[in-house]
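Me: Got a model I'd like to go through with you. Can we take it piece by piece?

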Amino acid sequence: MAGEALAAARAGEDAVAVDLVTGYLSGSPEGNEEIRELVLLLFAECSSMVSELGSGGATPVKMQVFDEEGNEVQIDDADPPVRTAIRALLAEVHGDQDAASEQIEIALANGQPQELATVVLQALRWTLKLAIECETRDLPVASWITSSLDDQP
């Protein structure tokens, strides 16, 4: 499912990508747990790719947040779901899976579908961008991610 969602996001079908994750999984009794696990999987893969880029790349990885006009904003000034996604990714990058999981739990507990969709979409977009950058630099990317990228026309 993660691969299908990545392929949809890569094709610019954000609504389809988010629906693949939230729509399908939220219908099951274990939906929130499965959504949490999928988002954490994406952030874990992002963390691996950040590590690869940091050690094998000529340019360090920098986290930035931009507003609608393209101006950089401080992480604490970003919209709540974006802050949650950033904090989850940063926790994962620093090896704190419990803190990353806690951030995703915040999004799930909030209960606002649009905010959860934003967190899911951020995870998908970052996974795509990092995977493309790793491939450009001939750095390793998980096979299930490259398969979803290769499925694109």
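**Chat notes**

Reply: Start just past helix H1: Gly12 there has a positive phi of about 85°. Helices here are DSSP runs of H or I with at least four residues, strands are runs of E with at least two, and both are numbered from the N terminus. This is a predicted model: local features need pLDDT of at least 70, side-chain atom pairs count only at pLDDT 80 or more, and totals for chains, interfaces and linings use all residues. Residues are numbered from 1 along each chain as its sequence is written, and side-chain values use heavy atoms, with hydrogens and water left out.

Me: How many residues of helix H1 are buried?

Reply: Seven of the nine, in a helix that spans residues 2–10, so H1 is largely enclosed by the rest of the structure. Buried means under 20% relative accessible area, exposed over 50%, partly exposed in between (1.4 Å probe, protein chains only).

Me: Which residues of H1 are the buried ones?

Reply: Ala2, Gly3, Ala5, Leu6, Ala7, Ala8 and Ala9.

Me: Zoom out. What order do the elements of the protein chain run in?

Reply: From the N terminus, α-α-α-β-β-α-α-α-α. That is seven helices and two strands.

Me: And how much of the protein chain do buried residues make up?

Reply: 42% of the 153 residues. The chain exposes about 8,200 Å², with 47% supplied by carbon and sulfur atoms. Those areas come from the Shrake-Rupley method with a 1.4 Å probe; for residues, only the protein chains shown count as cover.

Me: Aromatics next. Which residues form an aromatic pair?

Reply: Phe43 and Trp126, at 6.1 Å centre to centre and 45° between the planes, which is tilted. The structure holds one such pair. The rule: rings of Phe, Tyr and Trp (its six-membered ring) pair if their centres lie within 6.5 Å; planes under 30 degrees apart count as stacked, over 60 as edge-to-face and the rest as tilted.

Me: Where do Phe43 and Trp126 lie?

Reply: Phe43 is in helix H3 (residues 31–56) and Trp126 in helix H6 (residues 113–136), so the pair ties together parts 83 residues apart in sequence.

Me: Phe43: buried or exposed?

Reply: Buried, at a relative accessible area of 0%. Trp126 is buried too, at 15%.

Me: What does Ser47 touch?

Reply: Leu89, Glu92 and Val93, leaving out residues up to four places away in sequence. Contact means heavy atoms within 4.5 Å. Ser47 lies in helix H3 and counts as buried, at 9% relative accessibility.
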